[in-house]
Amino acid sequence: MWRDKLDTSVTEKVISLAKKRGFYWQAYEIYGGVGGFYTLGPLGTRLKDNIIRVWRKIFLEPYEFIEIESPTIAPYIVFEASGHVGSFKDAMAECLKCGNKYRADHLLEEKGVKVSEATSLEILEKLLNEKNVSCPDCGSVSWKVSSFLTMFQTNIGPYKENVGFLRPETAQGMFVEFKQLYEINRARMPFGVAQIGKAYRNEISPRQGLIRLREFSQMELELFFDPLNDKCPYLDDVKDIRMNILDEEKVRNGDTLPHNVNAKEAVERGFVREEWLAFMMALSQKFLCTLGIRPEFQRFKAKLEGERAHYSAQTFDHEVLTGKFGWIEVAGHAYRQDYDLKSHSIKSRSSMEVVEELAQPIKVKKKLAYVDPSKVKRDFGDKSSEIFKLISSMKPFELAELLEKDGTIIANDIVIGKEYFIFKEVEETISTRKYIPHVIEPSFGIERIIHAVLEHSYNEKEDRVILSLKEEIAPYRYAVFPLVKRDGLDAKAKEIYLMLKIRGLSVIYDDDGSIGRRYARADEIGVCKAITVDYQTLEDNTVTVRDRDSWQQKRIAINTLL
RNA sequence: GCGAUCGUCGUCCAGUCUGGUCUAGGACACCAGCCUUCCAAGCUGGUAACCCGGGUUCAAAUCCCGGCGAUCGCACCA
């Protein structure tokens, strides 16, 4: 069954449940609320922690990938090197008549005027006004150009000129520390580094609740690999995971019926360029399934050339179908190539290369040139010392290369020919290869996942709400209730509650109202099992355990609860 | 950011057009007590709101202006 629509009312219901029971709500409400900022409540933070735990279990633990926590503020130069200063800064053209804003470069390109990212604001404004570019909305031809930077800017220390940015992604923290991490990880390749933390984007108009935030949480993994040896050894492990993939061709043609393939087939059939990318996509699907989102509500949608981030050679959005918001992107899987490491390497002038020891050392023949001092002295006399000085600053193989190419060496206008050198050919053994690793990056937005998971866990049964959260992520697994609050049942229930709590289980206690009301309350926040203490408990130390989804009850002995 | 629509207890809704009767009402939820031997039962009581600021007026939830926020559309979403 292939569905492309969900009941839109579920979204509203989830949002109001989230607020009512404390998963999440808009922040700063006492001051009228500020767009793009949300607070996670007590249940939301537990859910988030559990989601993160599952993610680590799926993406990091089996492969011994490592995790770091880097600062959320970085100096200007970091995002200059990464390309964010350039591509996060859009030149906005504002129509002076109707006030609508457009991307200045888009408007000009429609007129056939090519501009680059480096084109200054003044020139853009001049071009727009001179070329009579008309406003798509009102037709006016007078423009004002200004830039809008979607990164939050701040100052580091007391100096205005020392600009810093709140990171728009956690990834750069891993790239700038790459060399150190590579060493710490004992130079293993391929290897993965993850970071879980906040990122900030000053969206122009954030909407849709948790879907587009100005401050949000990411779980990102940078998988570094050798582009000449890009086999992923784990493809067989994920062969049973079949993904719905809309490749570039389908997206271009507007075809929404996806291919259904596993990672290996996705690569073989040319949908996905890199094995590691396909592998991460498969893990991503496994991850969302573990969180309770069924595969038919998931798909991977390729980003077309112009839609991709500046660093990406191929990107798939991992999307989940929701009610009101339709398909939402909960993760992006990007092939970042060596874009970031290379940029940081050039900007910082520090090496980002890794060294590979070759299995078979390669023998390379090399020509070396040595000067013949006696000939030089004989023919150049007093000027010899100058010549020796120059020549000694060069290595023998460099001299040989130059002489091969030009036939002469020129030192302070003195031309020295080949005949003053003695050539030697040596065989050198090369046992290493240096390269800048390529990167596959799965990047998850936690808040979006929280929302998607809640929508897909939301059920109604006989006018009651049941949040069928998987055991792995439910904020509480157990609830303990006394059937009634007297005759010692409450004391016994509390005893059991504490026993479970001491064992580290997530458990709540509730003795308020009727037993039915408590079951209902527990169902609504996704408590998996309700343990009820009744009169029989006092006689034979058994309790009833009620399942949240089936409402079935089983009587079991207290000592088998653990 | 622009345009349209909108903003009342935690939630949903009444009241706004036609200013006074609103000390802002109801339902559900929540809290306290009673009751209660398995699925939101019942009884009693309680907490709780006119988005913010300014203006008009004898009088503003109600009319006007500004701000903030929300929804939708446009644009943006690396």
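## Arg 433 and Asp 226

Arg 433 forms a salt bridge with Asp 226, and their closest N and O atoms are 2.9 Å apart. A salt bridge is a side-chain nitrogen of Lys or Arg within 4 Å of a carboxyl oxygen of Asp or Glu. The pair links distant parts of the chain, 207 residues apart: Arg 433 is in strand E20 (residues 421-435), and Asp 226 is in the loop between strand E11 (215-225) and strand E12 (243-246). Helices (H or I, at least four residues) and strands (E, at least two) are DSSP runs, numbered from the N terminus. Asp 226 also counts as buried, at 7% relative accessibility.

## Basis of the model

This is a predicted model, in which local features need pLDDT of at least 70 and side-chain atom pairs count only at pLDDT 80 or more, while totals for chains, interfaces and linings use all residues. Residues are numbered from 1 along each chain as its sequence is written, chains are lettered from A and ligands numbered from 1 in the order in which they are written, and side-chain values use heavy atoms, with hydrogens and water left out.

## Other salt bridges

The structure holds 33 salt bridges. Side chains of opposite charge can pair when their charged atoms come close. One of the bridges joins Arg 464 to Asp 523, with the closest N and O atoms 3.5 Å apart. Arg 464 lies in strand E23 (residues 464-467) and Asp 523 in helix H18 (residues 515-524), so this pair ties together parts that are 59 residues apart in sequence. Arg 464 counts as partly exposed at 26% relative accessibility, whereas Asp 523 is buried at 0%. Salt bridges with shared partners also join Glu 169, Arg 336, Asp 340 and Glu 441 into one network.

Lys 19 and Glu 29 form another bridge, their closest N and O atoms being 3.6 Å apart. Lys 19 belongs to helix H1 (residues 9-21) and Glu 29 to the loop between strand E1 (24-26) and strand E2 (38-40), so the pair ties together parts that are ten residues apart in sequence. Both side chains' residues are partly exposed: the relative accessible area is 46% for Lys 19 and 39% for Glu 29.

## Nonpolar cores

A nonpolar core is a set of buried Ala, Val, Leu, Ile, Met, Phe, Trp, Tyr and Cys residues joined through side-chain atoms within 4.5 Å. The largest one has 91 residues, and Trp 55, Phe 59, Met 219, Ile 245, Met 280 and Phe 287 have the most contacts inside it. Helix H11 (residues 275-290) gives the most to this core, with ten residues. Domain 1 (9-78 + 156-342 + 439-446) and domain 4 (476-560) each supply at least three residues to this core; the domain bounds come from an automatic or database domain assignment.

Contact means heavy atoms within 4.5 Å. Leaving aside neighbours within four places in sequence, Met 219 is in contact with residues including Ile 51, Ile 52, Trp 55, Phe 287, Pro 442 and Phe 444.

Val 507 is in strand E25 (residues 507-509) and is buried, with a relative accessible area of 4%. Beyond its neighbours within four places in sequence, Val 507 is in contact with Tyr 476, Tyr 478, Ala 479, Val 480, Tyr 497, Leu 500 and Lys 501. The C-alpha atoms of Val 507 and Arg 336 are separated by 43 Å.

Asn 185 is found in the loop between helix H8 (178-184) and strand E10 (191-200). Asn 185 counts as buried at 7% relative accessibility, and, with neighbours within four places in sequence left aside, is in contact with Ile 66 and Phe 191.

## The chain as a whole

Chain A has 19 helices and 28 strands. Its radius of gyration is 32 Å, well over the 24 Å that the globule rule gives for 562 residues, so chain A is more spread out than a compact globule. The radius is taken over C-alpha atoms, and the rule is 2.2 Å times the number of residues to the power 0.38. The C-alpha trace spans about 120 × 65 × 55 Å along its principal axes.

Of the 562 residues, 48% count as buried.

Conventions. Buried means under 20% relative accessible area, exposed over 50%, partly exposed in between (1.4 Å probe, protein chains only).
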